[in-house]
Amino acid sequence: MIKITRLFQWTIFGVIGLFGVLGFANAIVTLTAIDRDLTRETRENSQNIAKAIADSNVDILLNNDLSTLQSRIDQMLPLLGSNGYIYITDEHNEIIAHTFVPNIPEEISSSEPTGGIIERTLKGKGDFFEVSHPILAGVGGNVHILIDQDDVSLLIQGAMGNQVWPLAITFLIAIVLGLLLVNLAARPIQQLLHYAVALAKKESVDEPQNEKLLVRKDEAGDLARLYQYFALVADPNRSGIDAK
Amino acid sequence: MKTKKTDRFSNPTRRTIVKGLAASPLVLALGANKLGAQELSQMSSNTQSSNSEFVNGVSDSQIVLGTSAAFTGPSRGLGIELYRGAMAYFQDVNSKGGVHGREITLKLYDDGYQPDPAVNNTTKLMRDDKVFALFGYVGTPTVTRVLPLLKKFQDENFLLFFPFTGAQPQRQLPYGPFAFNLRASYRQETGGLVENFVRVGREKVGVFYQADAYGRSGWAGCREALAKHNLKMVGEATYTRGTQYTASLKDQVEWFMRDKPDAIVCIGAYAACAAFLRDAVDGGLQVPIANLSFVGSENLLKLITDTHDNPEQYSQFLVNSQVVPSYNDLSLEGVQLYDEFMTKNAPSAPSEVTSDDEEYKTFDRSFVSLEGFLNAKLMTEIFTRLGPEPTREGVEEAVFTIQDLDLGIGETVSFNEDRRQGLDRVYYTIVENGSFVPLNDWTAASNGWTEAAS
């Protein structure tokens, strides 16, 4: 157990508080960045997948080969996480291939054409953001990708967890190191106090630690020597004091 | 596995593997503890006849075809029955000395009706096993993914023969030139079903389909057929490939209950389609429920029959399209031959690719095995026309010499550059007295469905 000297109590509380504020601020900045970057990255990936499907299946669509088209989107599906969906609409906004089971959600089958990124809530399936990309500038239809926001949240939480642990451990190490350093700084003062009390009580000061204190080149050494001087001035006959 | 022990010719894969291994006396000695003397003797005799080297799947004594199909999982009945039908014919050919002195053997892999294993298996068949051609694949999601491999290896002239799927990708560009089909397409099957339903006044057609390339292919066929009558689908629902019979499909049934279709076309495999039929009838959705040939009619009916005291309650709503005639129609020469060979050769399930953990009882006769039988018959004809020095390069030309070939089913087969599908006819069947019989009168059948529902 590390004992905190009264002199440095407020100092150590201040250091801990400072570390806390720094750690908290750091965590906020980092986690916000993670949230922003991962959300953006997931959306960009979804857009890239939608674009890849749209660009690479033009011939298949023109050949009306819907089974190959279905096969292609089935291959892409694992890239969308555990609860992602893909659907493709033709130029009349009719769904011609999709990955929904057991049926196309009403929110989608009854919706107007969409573009860009929108947010959707599908009954019984959850909250999604939907990314769309046109096929042949829209005249061939659109590819739509649905990403489960829970999946994104889990991804973000996972990444945040990875960041929070190192931050928490760093914070704890910093506190322990702060306490140790403060104690290290406080030790000569405690020795000085011990020496001064011994001088005042006219007890023996012939101890190795006092010897070390008296030869120190810092303020603690100066004060010890000053106390020794005062002790000799007060009692020139006092024995056991080897003036430095 | 409740299957009969494979006989001499029904287990070519193990035999082929053993031929390679058996050259080593050590292997023979090690194996002697486990194998019977008769089996060992058989292997040895095979080894003696297989010393010649294979070039592109052909040796002096054998032609090897490669197959990746569902031999395990919920759709294993399709792969097993298709294989059994083909082996019934190949065994007979081989027992008579093969084609131009070469036995026809199959190198088998199980893909469980899953695309990724099918792609891996096909790569092995092409690169490692170097088979002569691909034969008897099962399923649209698998075949659709395999087709690009044929294009990739087009310099080696691999072709895919008679896959058990009616989907479009292997019937049209860009992959059409790499495959030959015997069966009618799903477009033809769904077109025929929709046409007949509409003709008898059942214009509100719903579609229940597997959420993959197969389902989409059938869905597209229904949509196209309905569009010809200015109609649209009335309800659609999907299920995940690999769904077992034990699964509940009540959500899908509920979805249809809202739309109240007059008929439902199912694009699926037997386990899920049987589950849907069960839940539909139980849930009050009592309309004709049609299935395509791929479903595996006997497997579907067996699931319903085995699990209900009164299976007619469910089967009376079944109407299945087929791409081969009834196996009970012994007036057809080809069916007679099938009947005879299935009895004589009694092909068993391929034990080397099936799983001991999955019980499967083979069918004496089935539409799927009849299709496998016809596939093998036509494949043998192609090998005969290829002559004594078969090469992959010459296969296409040999196939194109087939004009008005009679397979003995009342419909001739022809191939040319623009026609790579042999048969076009679709047959319709309903269940009577526990088995599938031809459906000849749709009006009467429709009245029967209405009566049953009321």
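How many residues does the contact take from chain B, and how many from chain A? Keep that in mind while we get our bearings: what you have here is a predicted model.

## Where the chains meet

The contact takes 14 residues from chain A and 23 residues from chain B. On the chain B side, the elements that each put in two or more residues are helix H6 (140-152), helix H8 (213-227), strand E7 (236-239) and helix H9 (250-259). Sort that side of chain B by class and you get 10 nonpolar, eight polar and five charged residues.

## Chain B and its two domains

Chain B splits into domain 1 (12-183 + 328-408) and domain 2 (186-322 + 427-453). Take the C-alpha centres of these two domains of chain B and you'll find them 31 Å apart. Their contact draws 19 residues from domain 1 of chain B and 20 residues from domain 2 of chain B.

Look at the domain 1 side of that contact in chain B. Helix H4 (76-95), H6 and helix H14 (367-386) of chain B are the elements giving two or more residues to it. H6(B) provides the largest share, three residues. By class, this side of domain 1 of chain B has nine nonpolar and 10 polar residues, with no charged ones.

## The sheet in chain B

Chain B has an open sheet of five strands, paired in parallel and ordered E2-E1-E3-E4-E5. Strand E2 (103-110) and strand E5 (179-180) of chain B are at the edges with a single partner strand each, so one side of each has no neighbour in the sheet. H4(B) packs on this sheet, where it touches E1 and E2 of chain B. The direction of H4(B) makes about 160° with that of E2(B).

Further in, strand E1 (residues 62-69) and strand E3 (residues 133-135) of chain B pair in the parallel sense over two bridges.

## A pair of helices in chain B

Next up are helix H10 (residues 270-282) and helix H11 (residues 297-307) of chain B, whose axes come within 9 Å and cross at roughly 45°. That angle makes H10(B) oblique to H11(B), and the crossing is right-handed.

Which residues make this contact? From H10(B) come B:Tyr270, B:Ala271, B:Cys273, B:Ala274, B:Leu277 and B:Arg278, while H11(B) brings B:Asn299, B:Leu300, B:Leu303 and B:Ile304. By class, the contact of H10(B) with H11(B) has eight nonpolar residues, one polar and one charged.

## Over to chain A

Chain A is also divided into domains: domain 1 (13-156) and domain 2 (202-244). The centres of these two domains of chain A, taken over C-alpha atoms, are 78 Å apart.

There is an open sheet in chain A with five strands, in the order E2-E1-E5-E4-E3 and with antiparallel pairing. The edges belong to strand E2 (95-98) and strand E3 (117-122) of chain A, each with a single partner strand, so one side of each is left without a neighbour in the sheet. From one strand to the next, the twist averages 25°.

Inside this sheet, strand E1 (residues 85-89) of chain A runs antiparallel to strand E5 (residues 141-148) of chain A, and five bridges join them. Here A:Tyr87 stands opposite A:His144 in E5(A). Helix H3 (residues 66-76) of chain A lies across E1 and E2 of chain A, running at about 45° to E2(A).

Technical notes: Residues are numbered from 1 along each chain as its sequence is written. Chains are lettered from A and ligands numbered from 1 in the order in which they are written. This is a predicted model: local features need pLDDT of at least 70, side-chain atom pairs count only at pLDDT 80 or more; totals for chains, interfaces and linings use all residues. Two residues are in contact if their C-beta atoms, placed from the backbone, lie within 7 Å. Helices (H or I, at least four residues) and strands (E, at least two) are DSSP runs, numbered from the N terminus. Ala, Val, Leu, Ile, Met, Phe, Trp, Tyr, Cys and Pro count as nonpolar, Asp, Glu, Lys and Arg as charged, and the others, Gly among them, as polar. Domain bounds come from an automatic or database domain assignment. Two strands pair if DSSP finds at least two bridges between them. Axes are lines fitted to C-alpha atoms, for helices over the stretch in contact, and angles run from 0 to 180 degrees between N-to-C directions. Angles under 35 degrees count as roughly parallel, over 145 as roughly antiparallel, 65 to 115 as roughly perpendicular and the rest as oblique. A crossing is left-handed if the near helix is turned anticlockwise from the far one by less than a right angle, and right-handed if clockwise.
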